[in-house]
Amino acid sequence: MARIILAVLEQREGKLKRNAFEVLSTAKMLSDILDLKPIAICIGNNIDNLSEAAATYGITKVIHYKSPELENYSPSVYTDIISAYAKETNAEYLIFSNTSLGRDLAPRTAIRLYAGCLMDCISLHNVNGELIALRPVYAGKAILEAKINSEVKIYTIRPNVFKVKVSEDKHEAEIEIKEVSSPNLKTKVIALKKSEGKLDVAEADIIVSGGRGLKGPENFKLIEELANVLGGAVGASRAVVDAGWRNHGEQVGQTGKTVSPKLYIACGISGAIQHLAGMSSSRYIVAINKDKDAPIFNIADYGIAGDVFEIIPALTEEIKKIK
Amino acid sequence: MKIAVCVSHVPDTATKIKIGADGRSIDPAGVTYIINPYDEFAVEEALKTKELTGSEVVVISLGSDANKETLRKALAMGADQGVLLKKDGYYDSFSVAYALAKEIQDQNCDLVFFGKQSVDFDNTITGQLTAEILGYNCISVVVSFKLEGNKITAEREIEGGREVVETELPAIITAQKGLNEPRYASLKGIMASKKKVIEEKVTKADHNLTEIIKLTLPTTKQPGRIIGTDASAVPELVRLLREEAKVI
């Protein structure tokens, strides 16, 4: 019997998230190098784009556990379903995305399967048949190389790091729907409160962050305008969150969120070590700060050592011209 | 009801990390250790719950004698009793969770608070692992918490919003920044903490499922270019972002 790798796909509000496609592609990539059979599993009610997952990523089968009661996340039901399916199929590897859902669900599943679990992996590679993982620790100030010694192995992958790759293998997977009746809703989500119209730093391709150099909360409108024209999210340094200028949900750094967007624009942020730890893995970093000796310039690809109040509006205008 | 809080003792977030001689851990020389920042929110929520329900709070930490400093801090804030679970060798998250679960069971606690992650290994899983071992309910990354009788209503932070979650005791809650404003220990609290007992117990790492191969420093980026010092540099910056970086 083929050994199995399970890709656990995240849906919210009836749609697979982008990270689900990263998980699919990673499971397919690992199935090729370790000779495994890739199966995807998803829990929810109606899922609009599930057929896309089945058609284009080289997965052999997609299992959809379905119930109107499972539209929202429930830790207890999700754990029950995934661990039961993994046991039934003797799955050897499970891949989750390192999102709020994956971070909650992967460890619970790990105990049920007595499986070691490595979180927030940024690289997974095969060394003599063993999967070696790299994961940032100390908020990215160090990199840990680790492996799992249990029979069943669980990995969560950092969003925005693993590539989404359409498979050359055009075989369309079967979608198997399993109706779930009377799920174990011991712990359940009864409501979602969305931050209106705001893009979350953890999910954004572009982040514009502000720090103390903005001088006051009212000046964050400059940051918001720039983020807006770029279609990006607003981030903040710990100093301004602690001062109460911005919400903690926007904080980037060691006691906030660790992010890796393709573009990070740091405005009026000097670059304290705990901030750098949370954003230094961004693909491109732009720093705007009047102090040319600020540590942020040491990791920035491009810098302007000048006044944020002059440069940010000019940058917003310049980008409007090209959009 | 008895409440437990599990706390870890970690390098200050301002620490510059150096790799130790074994190549698998950090060099502790010159490093200041503090109570894990998220655990302060956990301690505060336990104390608030204690004040509302008249329960007792036990604070548990796994590590070495050095962890007593962190335990004392929680005792000074108002926890009643401390337990130091002494480590014997390397513990991965699973061995940590099994050791904590045993102590929580021995102490007969049905409400337990953790920080949502330790700022050293950033695993974000110890609370959830411990809950599953004990068969407790669990809500992670909590920014709002309410207990009425046996019923818990909490809000957990997710990407772009919050989930409102309901469950019942026994339960484990992992605390996120924003849950509360941790109190400062008063002078009276500090004096009183000196009389409080820290019980020491021996543990074993008998569930290590993962293994550290090595710890390295990330490759440092070459510093980039300073394009200019005023708004006249903006068109060049936009050109570089479009043509060189291709990110906008």
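**Exercise 1. Compare the radius of gyration of chain A with that of a compact globule.**

Solution. Start with the length: chain A has 323 residues. A compact globule of that length would have a radius of gyration near 20 Å. Chain A has 21 Å, which agrees. This is a predicted model. Next, take the extents. The C-alpha trace of chain A spans about 65 × 45 × 35 Å along its principal axes. Finally, count the elements: chain A holds 9 helices and 18 strands.

**Exercise 2. Describe the side of chain A that touches chain B.**

Solution. Begin with the contacts. On chain A, 75 residues are in contact with 66 residues of chain B. Then ask which element gives the most to this side of chain A. It is helix α4 (residues 100–113) of chain A, with 8 residues. Last, sort by class. The side of chain A that touches chain B has 38 nonpolar, 21 charged and 16 polar residues.

**Exercise 3. Characterise the packing of α4(A) against α4(B).**

Solution. Take the geometry to begin with. The two axes lie 8 Å apart, and the packing angle is about 40°. The crossing of α4(A) past α4(B) is right-handed. Now list the residues. From α4(A) come Asp104(A), Pro107(A), Arg108(A), Ala110(A), Ile111(A) and Arg112(A). From α4(B) come Gln128(B), Leu129(B), Glu132(B) and Ile133(B). By class, this contact of α4(A) with α4(B) has 5 nonpolar, 1 polar and 4 charged residues.

**Exercise 4. Trace the open sheet of 10 strands from edge to edge.**

Solution. Write the order: β13(A)-β9(B)-β8(B)-β7(B)-β10(B)-β6(B)-β1(B)-β4(B)-β5(B)-β11(B). Pairing is mixed. Which strands are the edges? They are β13 of chain A and β11 (198–202) of chain B, as each pairs on one side only. From one strand to the next, the twist averages 30°.

Now look at single pairs. Strand β13 (residues 188–194) of chain A pairs with strand β9 (residues 161–168) of chain B over 6 bridges, in the antiparallel sense. There, Val165(B) is the bridge partner of Val189(A). Within chain B, β7 (residues 137–148) and β8 (residues 151–158) run antiparallel, joined by 6 bridges. Ser144(B) stands opposite Glu155(B) in β8(B).

**Exercise 5. Trace the open sheet of 6 strands.**

Solution. The order is β15(A)-β14(A)-β16(A)-β17(A)-β18(A)-β13(B), with parallel pairing. The edges are β15 (233–236) of chain A and β13 (225–228) of chain B. The twist averages 25° from one strand to the next. Take one pair: β14 (residues 206–210) of chain A joins β15(A) over 4 bridges, in the parallel sense. Here Ile207(A) stands opposite Ala233(A). Then place the helix. α9(A) packs on the sheet, touching β16, β17 and β18 of chain A. Its direction makes about 135° with that of β17(A).

**Exercise 6. Classify the packing of α3(B) on α4(B).**

Solution. Helix α3 (residues 93–107) and helix α4 (residues 126–134) of chain B pack at about 55°, with axes 9 Å apart. That makes α3(B) oblique to α4(B). The crossing is right-handed. Residues of α3(B) in the contact include Phe94(B), Leu100(B) and Ile104(B). Among those they meet in α4(B) are Leu129(B) and Ile133(B). By class, the contact has 10 nonpolar, 4 polar and no charged residues.

Key
Residues are numbered from 1 along each chain as its sequence is written. Chains are lettered from A and ligands numbered from 1 in the order in which they are written. This is a predicted model: local features need pLDDT of at least 70, side-chain atom pairs count only at pLDDT 80 or more; totals for chains, interfaces and linings use all residues. Two residues are in contact if their C-beta atoms, placed from the backbone, lie within 7 Å. Helices (H or I, at least four residues) and strands (E, at least two) are DSSP runs, numbered from the N terminus. Ala, Val, Leu, Ile, Met, Phe, Trp, Tyr, Cys and Pro count as nonpolar, Asp, Glu, Lys and Arg as charged, and the others, Gly among them, as polar. Two strands pair if DSSP finds at least two bridges between them. Axes are lines fitted to C-alpha atoms, for helices over the stretch in contact, and angles run from 0 to 180 degrees between N-to-C directions. Angles under 35 degrees count as roughly parallel, over 145 as roughly antiparallel, 65 to 115 as roughly perpendicular and the rest as oblique. A crossing is left-handed if the near helix is turned anticlockwise from the far one by less than a right angle, and right-handed if clockwise. The radius of gyration is taken over C-alpha atoms; the globule rule is 2.2 Å times the number of residues to the power 0.38.
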